[in-house]
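Please look over the sequence and the model below before reading on. The text then goes through them part by part.

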There are 4 protein chains.
Amino acid sequence: MSIQALLDTIAQHVDPLLDQGRVASYIPALARVEPRQFGMAFAPIDGPIEGTGAWRTPFSIQSISKVFALALVVAGDGERLWSRVGREPSGSPFNSLVQLEHERGIPRNPFINAGALVVMDRLLSLAGDAAGAVLELLRAESGNPAVDMDPEVAASEAAHGSRNAALAHFMASFGNLENPVETVLDAYFRTCALRMTCEDLARAGLFLARHGLRADGSPLLTRSEAKRIHAVMLTCGTYDAAGDFAYRVGLPVKSGVGGGLLAVLPGRGVLATWAPALDPRGNSLAGLEALDVFTTRTGWSIF
Amino acid sequence: MSIQALLDTIAQHVDPLLDQGRVASYIPALARVEPRQFGMAFAPIDGPIEGTGAWRTPFSIQSISKVFALALVVAGDGERLWSRVGREPSGSPFNSLVQLEHERGIPRNPFINAGALVVMDRLLSLAGDAAGAVLELLRAESGNPAVDMDPEVAASEAAHGSRNAALAHFMASFGNLENPVETVLDAYFRTCALRMTCEDLARAGLFLARHGLRADGSPLLTRSEAKRIHAVMLTCGTYDAAGDFAYRVGLPVKSGVGGGLLAVLPGRGVLATWAPALDPRGNSLAGLEALDVFTTRTGWSIF
Amino acid sequence: MSIQALLDTIAQHVDPLLDQGRVASYIPALARVEPRQFGMAFAPIDGPIEGTGAWRTPFSIQSISKVFALALVVAGDGERLWSRVGREPSGSPFNSLVQLEHERGIPRNPFINAGALVVMDRLLSLAGDAAGAVLELLRAESGNPAVDMDPEVAASEAAHGSRNAALAHFMASFGNLENPVETVLDAYFRTCALRMTCEDLARAGLFLARHGLRADGSPLLTRSEAKRIHAVMLTCGTYDAAGDFAYRVGLPVKSGVGGGLLAVLPGRGVLATWAPALDPRGNSLAGLEALDVFTTRTGWSIF
Amino acid sequence: MSIQALLDTIAQHVDPLLDQGRVASYIPALARVEPRQFGMAFAPIDGPIEGTGAWRTPFSIQSISKVFALALVVAGDGERLWSRVGREPSGSPFNSLVQLEHERGIPRNPFINAGALVVMDRLLSLAGDAAGAVLELLRAESGNPAVDMDPEVAASEAAHGSRNAALAHFMASFGNLENPVETVLDAYFRTCALRMTCEDLARAGLFLARHGLRADGSPLLTRSEAKRIHAVMLTCGTYDAAGDFAYRVGLPVKSGVGGGLLAVLPGRGVLATWAPALDPRGNSLAGLEALDVFTTRTGWSIF
C-alpha cells in the first residue's frame, strides 16, 4: 500500500473516534474548535510530502513549540541547560509542583510547563526575542513565511495564566530564572500561540529526522544532540502517557493541547497529525490511534 | 512562687538555650538580630502585667499577626470564611503546595501562608486597608499608639516574596482570591512587618483570653468565636509542631519567625515570649521551653 | 436544664441525622449494624452516670481502644515511646504511607493505624498479652466484667487485614517493631474487636478525666501524663477531622469506625456517644453533632 | 575498530570508575562482592559473541530477571497483564508507595518491585513454578545448563524482604494478587537470586534482539510483543534514571542491583555489562559509562 493510501485508510479508520474525547476548554479560542476534524501528513527526508484530511488547516500547536525552543537552546548552549532542568519523566501530573518543591526548583524535564519556562528563560538570554526566534525557525524550516502567532490565543493564555505564573514565581524563589518573571511568561504565552498546519509542522520537524540538518543543509544540531532530543521526546513528550506512546507507537513524539502530534522517524521522516479532541491525559485521541496504525502497518518504529 | 519570681526563674533557666538554634535568615533585617535575647510577659485578665528580660524590646511579630487578621475577618464575616480555607493541621511543610493542588486551591488552615493570604484577601474586601485594620487593632488593644510597621522589613519581605507570589497566583488560578494578586501580597507583606514588644503583644491578645471582649469592654468576637480561634491556634498555630506544643505546653499558641510566641490561657490571661533563635521547625527554641516550664510550674493548661 | 434533660434533648435533635452517613462496610460484622441507633452517656467524676437512647447497647469500640493501649504503654514506659512514634497530626489519609516512607518508618502519631501497631508492639513487650491487658483495664475501670472481645469481629479484621499487614511489614523493614509481625497484628486485631456500651466506655475513660487516677484511687498515669494524652487526643484523635472537632467540640476526643466517640472533660467527666453511621472522614455523624450541642449548651470546653 | 578492540578500549576507559560508587549492601552476599570488577559482552544476532574483562564471571542478575519473567507472561497472556499493571515511568522512588495507594493497588510498571510482584503472581498462575520457568528460559537461551539460583542470596532476600512483603500485602488489600502473598514473595526472591555471566546474559537476551525468536528458531513473542517489551525497558528499565539512560545510551536497558546491565540493539544484538559498584540511583556506574561509549563510538542507537 502506498503511503498516500495508508494515510487515507487511517483517516477513515479514526473517523468514529472524532466523536470521542473533548477539546481543550481552558481558553475560549481552543474551546470553540470544531472537534470533528482530522489531518495527517508524512514528510519523508527525501521525497515529496503527502497528507490526508485537514492536513492544510492551521491549528494552535501549543506545547509542540517546546521541541523547537529546546532545539534552539541546545544549539546555543550544548549540555549546559541540564544543570537547570532534568530529563526524567515526571511520573504524574499531580506531582509537578511537589517535585518542583522536592527538587529545589529544578523541573523534571523541559517539556512540562515548569521546564519549558526555564527553556524559554534561557532562550531569552541567548536570543533576546525568544518567541521570535522560535517563529523564525518554524518559518524557515516549513518554508512557509505565513506561519504566525495567534494574538487572541496569546492574550487568552496570559489571561488564564495564573498557574504558569505560580510556577515561574516558585522557580524564581529558588533562583532558577535569569530574566524577570513577567518577561518569561510573556515569551512563553506567545510561543504557545503559534499556529500552523500539519504540512508546515511535518516539514518544520524534518531537521530532527535529518539528525540535526536544517532545510538549507546547515547544521542546527550535532547528530548526537538530535539523538538526545529524540530521547527526551520519547520519555517526556506526551505528558503522563510517555510509556503508553512508546508502547503503542514506538517513536519520539511531542503533543500539544490543541490536538497536534509531531512524531519523528529518525533517518526517515516526520509525521504530523491533528485532531482536536483529547483523551483524559491531554493527548489527541484520534492522533494517537493514527500513529499506532501507521507504525503497525509500516513496521517503522525505533524498537 | 509569685508570677514575677517565676518569670525571672524561667529567664535564668532558658539562658543556656540562647546559644542554640538559629535566627531566621531569609531577609537581612531578621538575619542581623542578636540571638542572645529573651523576653517574657504575662498579662492577666484582671491585674497588672508582669515581665522579665527584654520584654520591652520591640521585635518583628511576623506570623503572629495572622491571629489578629483572622479575628477581624471572623468578627466581620462569621462562619463564611471556612468555605475558602480549611481548619485542619497541614501535616508537614512539604505538603503545603501538594495539598493546595490536591484540594483545589483551598488552603488547609488560616495560619499557613496560603491560608493567611486568603484571610488577608477577605480583610481587604471587608476593611479596604487590611494592613491598616490590623495595625489599628493592635494599637487599640495594646494601648500603645507607637506600635507600627517596619518599612525595611516590609520591603524585604516583598523583595524575597517569590514563594508567596507563587502561592497567591496558584490560588488565583483556582478562583480563590477576590482582589488582585499584587494587592493581596502587598497587604500581606506589610502585616508581617508589624513590630512590637512582649508587653504590647500580651496586652493586645487579651481580648482572646476575655472570650472576645476588647480592652474597652466592647465585643470583638462572640464567646463561641473566641473559643473557635483558640481551637485553630492549638491545632494549627505553630507550623508542623502543633502536636508537640499541645503535648508540652497545652495552650493555644501562635508563633512567628521573628522568634515571638503568643499563648492564650482562656479566662486567665496571655503569655508573650520573644527569643529570636529558632528550632528546625521555625519556632522559638527558648520560647517553647519557657512556655513549657511556665505551664508545668503553674499547672495552668487547658487539658 | 438538667444533664438528663439535655441528653434527651440531644437524642431528639440528632434523630434526623441517623438517616444520613454510612455504617462502616469493610467487614460484614460492622456492615450489618442497623444505622438508626443513638446512645449517649455522661459520667461525671463525682456523681452518678446518666444516659439516653441506646446507651446500654454494646457496640464495637474499634479504634477507641487505642487510647487505652496508649495509656498502658505511657504508664509503663513514660516518655520512651516517643522515639518510635511521633505526636503530630497526620494531615491527610492519603499521606499515611508517604509519611511513613518519608519519615523512615516512624508513624506520625499513636492513633493512626501504623502508630497503634507500634503501641501494640511495645505493649506486647511490656505486658506479654497486650490485648488481654487492654481488656483487663476496660473491665476494671468500667466495673463490668462482662466487657469482652467479639471473636467474629477479630476474625473478620484479620481476614481483611492486608493493609495493616502492609503497614506492619513496612515498619519492620525500618526496624521499628520489636515483636514478630504476625504477633503484633494478632494483638492489634483482637484489641480492635472489643465490645462495650456507652455506659461502660464513659466509666472506663474516667481515669483520664481524673488526671490519671483509676476507679480504685490508684494512679495509672501522673497528672502530666494524663494531660499529655489529652493533648494527643485533641490533635490526633479523630483521623483527619481533628481541627474540625477542636473547632466545633473543643474537647479531647477519640473516635472509632464502629460509630463510637469518647470525649474527655478534664476534671469534670467523660462523654461517650454511639451512632454507627459515619461521615466521609470516618467519624460518627450524629455523635459529632451530639458533642457539639452538648458543649455549646453547657459551655464546657477546654478553650 | 573491531568490536573486540572497542570492548577492550572500553574496559580500560572505565577502569578509573571502578573505585567510585558503592556495591549494594542490603544483603551480605551482595555487600561482600569485590567492587573492582568489570565485564562486558556483545552478542550479535548473526555472529560469535565477544567479551572483555570479567565477562565469564557469574554475578547475581537480580532485577534483570524481571525482563525474562515479563516476556513469559506476555507470551502466555498477551495484552491481559496491562489491566493489573501500568507501563508508565514511576517518576521517583519516593513515590512508589504513594502511587500504589493513589492508583488503587495498580503498580506503575512491571519493573518496579510492586509491578514485578504482579508479574510473578501471574506467572505462578500460568506456569506453576514461576521461578523455575524463568530459570528454564535462561538456561535454554544462554545454552548453559549450569545457570542456577544462588540459595544464599534467595535466603538473604527473604530475610530482608519486609519491604517487598509490605508491597505484596498492600496490593492484596486491593485485590491485585491471585496467589497467596507468601507464595508470590517466595517466587520473587528466588528469581532475584539467579546467577550468571555477561556471556550467558547476552546470549539469553538475544530473543529480544531477534524480535521474539528463541535460539531454536521458535517464536516466544510476536514481533509486536518484542517491540513493546523494548519500549517498556526504555521507559522503565533503569529505576529513576530511564530518561538519563535514553539520553546517554539510547537503547532499551534493564539494570540489576548486582551491577548488571542488559541492553538490546533491536535487529542487531545484545550487550551485557557487569560492574558491581552502583551510582546513587542504583545503576552500575561503570556499566552506564560503558554503554554510553559503545553507542557513541558505533553510532548504534534506536534514535
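The model is predicted. The size of an interface is often given as the accessible area lost when the parts come together. For chain A and chain D that area is about 3,000 Å², with 58% of it on carbon and sulfur atoms. On the chain A side, the residues that lose the most area to chain D are Lys227(A), Tyr247(A) and Phe303(A), which together make up 28% of what that side buries.

The rule finds 4 salt bridges between chain A and chain D. Arg87(A) forms a salt bridge with Asp244(D), where the closest N and O atoms are 2.6 Å apart. Residue pairs in polar contact between chain A and chain D, both at pLDDT 80 or more, number 14.

The next point is how the two copies are placed. Two copies of a chain are related by a rotation about an axis and a shift along it. Chain A can be laid on chain D by a turn of 180° and a shift of 0.0 Å along the axis, with an RMSD of 0.0 Å. That is the relation of a two-fold axis. Of the interface residues of chain A, 100% are also interface residues in chain D, so the copies meet through the same surface.

Chain C and chain B form the other interface described here. The contact takes 37 residues from chain C and 37 residues from chain B. Between them the chains bury about 3,100 Å², and 58% of this is on carbon and sulfur atoms. In chain C, the most area is lost to chain B by Lys227(C), Tyr247(C) and Phe303(C), together 29% of what that side buries.

Across the interface of chain C and chain B the rule finds 4 salt bridges. One of them joins the side chains of Arg281(B) and Glu88(C), at 3.6 Å from N to O. There are 14 residue pairs in polar contact between chain C and chain B, both at pLDDT 80 or more. The elements of chain C that give two or more residues to the side touching chain B are α12 (223–236), α13 (242–248) and α14 (285–298). α12(C) gives the most to that side, with 7 residues. The residues of the side of chain C that touches chain B divide into 15 nonpolar, 11 polar and 11 charged.

Ser142(D) lies in helix α6, residues 130–142 of chain D. Is Ser142(D) buried or exposed? Its relative accessibility is 6%, so Ser142(D) counts as buried, the cut-off being under 20%. The side chain of Ser142(D) reaches the backbone oxygen of Leu138(D) at 2.7 Å. A polar atom of the Ser142(D) side chain also lies 3.1 Å from the backbone nitrogen of Asn144(D). Not counting residues up to four places away in sequence, Ser142(D) touches Val147(D), Asp200(D), Arg203(D) and Ala204(D).

Conventions
Residues numbered from 1 in each chain as written. Chains lettered and ligands numbered in written order. Predicted model: local features only at pLDDT ≥ 70, side-chain atom pairs only at ≥ 80, totals over all residues. Heavy atoms only, no water. Contact = heavy atoms within 4.5 Å. Buried area = accessible area lost by both parts, 1.4 Å probe. Polar contact = N/O pair within 3.5 Å; in protein donor to acceptor, adjacent residues only side chain to side chain. Helix = DSSP H or I, 4+ residues; strand = E, 2+ residues; numbered from the N terminus. Nonpolar A, V, L, I, M, F, W, Y, C, P; charged D, E, K, R; others polar. Least-squares fit on C-alpha atoms with pLDDT ≥ 70 in both. Buried < 20%, exposed > 50% of the residue type's maximum accessible area, 1.4 Å probe, protein only.
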